[in-house]
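Morning, everyone. I have a short tour for you today. Let me put the sequence and the structure up first.

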Amino acid sequence: MHLTLRERERLDIFNAAQLARRRLTRGQRLNAPEAVALVCDEILELAWDGLSLAQVVEFARLVVTPGQLREGVAELVPHLQVEALFPHGTSLVAVDQPFGAPSPGGPGAHAVAGGEIELNAGRPAWTTTVRNPGPLPVHVSSHFPFAEVNGALEFDREIARGARLNIPAGTSATFDPGATREVELIALALPAVPSDHQGDT
């Protein structure tokens with residue numbers, strides 16, 4: 001049997017989710033990989049069954065309760081994303097706090113200084129107008145190359161080349177059906193070239 005990489009990944013998620021289900025049946029608490037696999041497995045099946053993106057996200061937060069997790073898992077996984085195949089095509093399903101709100105002082109907590117930080121200070125930024133003429137909302141995550149987003153969106157893709165949305169990392173923007181909105185784009189950051197390789201050809 002020949003499987004694509006995507007099909008193999010789907011089976012890996014299913015197997016990890018089955019392990020999580022067995023451990024829950026025995027009254028064991030789940031670690032982060034097990035909990036993530038279980039939620040992703042449910043998301044993929046709900047999408048396959050034809051639920052809307054909003055319904056899938058809502059249900060995803062109910063799959064695993066905080067009492068079924070080992071200590072620190074909610075803090076370790078504040079955000080979850082998985083590409084799911086819906087009847088209309090593939091969409092990125094993004095779930096904030098899939099295991100509930102983390103403890104403010106728990107593992108991985110951040111102590112943030114006061115004041116404000118300018119987002120992407122000093123980086124070139126420009127705006128473009130985007131229209132979604134289709135019947136479904138389109139969600140675009142923060143670091144996805146904007147020129148390559150869902151073909152259902154209408155905008156000047158040439159001026160969007162080499163850019164992403166100028167929004168905080170880990171967030172996304174929604175383009176509602178029939179709506180037109182202006183967005184700000186920012187140049188993608190290129191990886192730093194080690195000094196001993198600069199000038200190589």
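This is a predicted model: local features need pLDDT of at least 70, side-chain atom pairs count only at pLDDT 80 or more; totals for chains, interfaces and linings use all residues.

Start with the helices. In general, two packed helices are described by the angle between their axes and the distance between the axes. Here the pair is α1, residues 5-25, and α2, residues 32-48. They pack at about 120 degrees. Their axes are 8 Å apart. The crossing of α1 and α2 is left-handed.

Who meets whom? On the α1 side we have R10, I13, F14, A16, A17, L19, A20, R21, R23 and L24. On the α2 side they meet E34, A37, L38, C40, D41, E42, L44 and E45. Sort the residues of this contact by class, and you get eleven nonpolar, seven charged and no polar ones.

Next helix: α3, residues 53-60. Look at V56, which is found there. Is V56 buried or exposed? V56 is buried, and its relative accessible area is 0%. Leaving out residues up to four places away in sequence, V56 touches I43, L46, A47, L51, F86 and V93. Take I43 from that list. V56 and I43 are 13 residues apart along the chain, and their C-alpha atoms are separated by 6.1 Å.

Now the sheet. It is open and has three strands, in the order β3-β7-β5. The pairing is antiparallel. On average, neighbouring strands here are turned by 45 degrees against each other, direction ignored.

Zoom in on β3 and β7. Strand β7 covers residues 180-187, and seven bridges join it to β3 in the antiparallel sense. For one of those partners, find T128: its bridge partner in β7 is V183.

On to the rings. How many aromatic pairs does the structure hold? Two. First up, F146 and F155. Their ring centres are 4.8 Å apart and their planes sit at 40 degrees, so this pair is tilted. F146 and F155 are both buried. Then take F146 with F175. Here the centres are 6.2 Å apart and the planes are at 50 degrees, so this pair is tilted too. F146 lies in the loop between β4 (138-141) and β5, while F175 is in strand β6, residues 172-175. So the pair ties together parts that are 29 residues apart in sequence. F175 is buried, as is F146.

D156 is in the loop between β4 and β5. D156 is partly exposed, with a relative accessible area of 39%. The C-alpha atoms of D156 and T129 are separated by 8.0 Å, although the two residues are 27 residues apart along the chain.

The other is Q97, in the loop between β2 (89-96) and β3. Most residues other than glycine have a negative phi. Q97 is not glycine, yet its phi is positive, near 45 degrees. Q97 is partly exposed, at 38% relative accessible area.

Definitions and conventions: Residues are numbered from 1 along each chain as its sequence is written. Side-chain values use heavy atoms; hydrogens and water are left out. Two strands pair if DSSP finds at least two bridges between them. Helices (H or I, at least four residues) and strands (E, at least two) are DSSP runs, numbered from the N terminus. Axes are lines fitted to C-alpha atoms, for helices over the stretch in contact, and angles run from 0 to 180 degrees between N-to-C directions. A crossing is left-handed if the near helix is turned anticlockwise from the far one by less than a right angle, and right-handed if clockwise. Contact means heavy atoms within 4.5 Å. Ala, Val, Leu, Ile, Met, Phe, Trp, Tyr, Cys and Pro count as nonpolar, Asp, Glu, Lys and Arg as charged, and the others, Gly among them, as polar. Rings of Phe, Tyr and Trp (its six-membered ring) pair if their centres lie within 6.5 Å; planes under 30 degrees apart count as stacked, over 60 as edge-to-face and the rest as tilted. Buried means under 20% relative accessible area, exposed over 50%, partly exposed in between (1.4 Å probe, protein chains only).
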